Amino acid sequence: MHLYGTQELNALGHLTIGGVDTVDLASEYGTPLYVFDEALLRRNCRAYMDAFARHWGGEYAVAYASKAFMVTAMAALAHSEGLHLDVVSGGEIATALKAGVPAERLFFHGNNKSPDELEFALQVGLGRIMVDSVDELELLADLAGRLGKRPRIFLRLTPGVSAHTHHYIATGQLDSKFGIAIETGAAMAAMRQALATPAVELVGLHCHIGSQIFDLEGYVAAANRMLDFMAQVRRELGWTCGELNLGGGLGVRYTDEDAPTTPDHLAQVLCTAVKAKLADLDLPEPRLVVEPGRSIVGEAGTTIYTVGTIKDIPGIRTYVSVNGGMNDNIRPALYQAQYDILLANKANEPAVKVVSVAGRSCESGDMLFHDVAVPAGIERGDLLAAFTTGAYNYSMASHYNRFPKPAVVFVKDGQADLVVRRETWDDVVAYDLVPDRLKAAVGSAQ
Ligand code: LLP
């Protein structure tokens, strides 16, 4: 069994997080429940800040990729630890602003930002807009000109590096919906166009090669491609890149099969490689930016479910159904993602029975955890904890089957605080409207 952060087993054989018994959390807040270990969130933020301070030394920024888990409390926490925020929608911008994060600390990403979102970003004075295509450059320049603003922009480039990761979440290769390719010459053409566009101020270049990455060679390869490009741009266009954003993507531990490395190791490898290459190419040091998401929040999140129906098909398998599923964690269905689990109220009992944990939505594909071991006495009402559910779980949650979204709590030093309240059935129908003609139909049917 692998425990994360402040997780422990108490004398009752219960899983505790942040000094709080998860059995108490379940009875107070209900299940499914997302529980975040605040001390681990902070430790992960600090690990990145310290690592880049140590290994880069010069100017740097760590931008939390908020798509991994974005709620107002998380934006506030990341900001309080000195991180910038990477945002990808008007909703994420609004969340950050609600948390009191200054707009200047936000970097705006996305392959198809809407005119409304770009206008919002311009009006509030977002720190950097990461321009994803020439099409977007033209749209942004037009809006900026009309509003009398001059945004600071990055160009997002695809360095032609394919990270060793699931293909849905790999982004740095040529055939990607994101970014402008270096190898086809498109990036150089976009550079010329951006520099000839007075409505924007080009300040830097960005790349991101993928997510859940363990092999740091991909980062080094991408950084080298970016630096070669920076040198070429300097030679041919006389423009010096002042800020270099190398994206996020560091992997985390889901199961024994994952062997993640640390932010410190990433920083060491990346900064050493970048410094050597800068020296080779005789380029000045840019401000270095990284954008971790999963590695800040992934291992800090645990989902607590309640066990319901248990169905044994002799000789085939035992299905243990829980009161959540693809609604709160789409990753097993979407990426065949695997997780470690534990019965939170029977954590001391030997896990000897192999079962498959099913979600409760009306879809056979809603299986959460295949062939996981649980105590022989597993029964209705037990609490099942799934580890490493902090990243891309809450943020990808859906209302399929009209299940209300779960609550989120932060725990720390024996205290639990609700940061997102549980939705109710009233919340689920709150946005529905019924046209008059249908109201009449409802009336006549009664
Ligand atoms: N920067 C950019 C431009 C990104 O697109 C992403 C993630 C990140 C940073 C943060 O990457 P991270 O450090 O979290 O790996 N839903 C998928 C992951 C999608 C990643 C999207 N972009 C999953 O559940 O695995």
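Does Ala51 count as buried or exposed, and at what relative accessibility? At 0% relative accessibility, Ala51 counts as buried, where buried means under 20% relative accessible area, exposed means over 50%, and partly exposed lies in between (1.4 Å probe, protein chains only). The model is predicted, so local features need pLDDT of at least 70 and side-chain atom pairs count only at pLDDT 80 or more, while totals for chains, interfaces and linings use all residues. Residues are numbered from 1 along each chain as its sequence is written, and side-chain values use heavy atoms, with hydrogens and water left out.Ala51 sits in helix H2 (residues 38-55). Helices (H or I, at least four residues) and strands (E, at least two) are DSSP runs, numbered from the N terminus. Setting aside neighbours within four places in sequence, Ala51 is in contact with Arg46, Trp56, Pro263, Asp264 and Ala267; contact means heavy atoms within 4.5 Å. Phe36 is 15 residues from Ala51 in sequence, and their C-alpha atoms are 23 Å apart in space.

Now take the chain as a whole. It has 13 helices and 21 strands. Of its 446 residues, 53% count as buried. The C-alpha atoms fill a box of roughly 70 × 60 × 40 Å, taken along the principal axes. A compact globule with 446 residues would have a radius of gyration near 22 Å, and the 24 Å of this chain agrees with that. The radius is taken over C-alpha atoms, and the globule rule is 2.2 Å times the number of residues to the power 0.38. Among contacts with a separation of 6 or more, 70% come from residues 24 or more positions apart. The accessible surface is about 18800 Å², and carbon and sulfur atoms hold 50% of this surface; such areas come from the Shrake-Rupley method with a 1.4 Å probe, and for residues only the protein chains shown count as cover.

Next comes a pair of helices. Two packed helices are described by the angle between their axes and the distance between the axes. The axes of H6 (residues 134-147) and H7 (residues 186-195) come within 10 Å and cross at roughly 10°. That makes H6 roughly parallel to H7. Axes are lines fitted to C-alpha atoms, for helices over the stretch in contact, and angles run from 0 to 180 degrees between N-to-C directions. Angles under 35 degrees count as roughly parallel, over 145 as roughly antiparallel, 65 to 115 as roughly perpendicular and the rest as oblique. On H6 the contact is made by Val134, Leu137 and Glu138, and on H7 by Ala190, Gln193 and Ala194. These residues divide into four nonpolar, one polar and one charged. Here Ala, Val, Leu, Ile, Met, Phe, Trp, Tyr, Cys and Pro count as nonpolar, Asp, Glu, Lys and Arg as charged, and the others, Gly among them, as polar.

Several loops hold backbone details. Pro32 lies in the loop between helix H1 (22-29) and strand E4 (33-37), and the peptide bond from Thr31 to Pro32 is cis, with omega near -5°. Thr388 is in the loop between strand E19 (383-387) and strand E20 (407-412). Its phi is near 60°, a positive value in a residue other than glycine. Thr388 counts as buried, at 1% relative accessibility. Asp413, in the loop between E20 and strand E21 (415-420), has a positive phi of about 50° although it is not a glycine. Asp413 is exposed, with a relative accessible area of 68%.

One further loop residue is Met326, found between strand E15 (317-322) and helix H11 (331-335). Met326 counts as buried at 12% relative accessibility. Beyond its neighbours within four places in sequence, Met326 is in contact with Ser361, Glu363, Asp366 and Leu368. Met326 and His399 are 73 residues apart along the chain, and their C-alpha atoms are separated by 9.8 Å.
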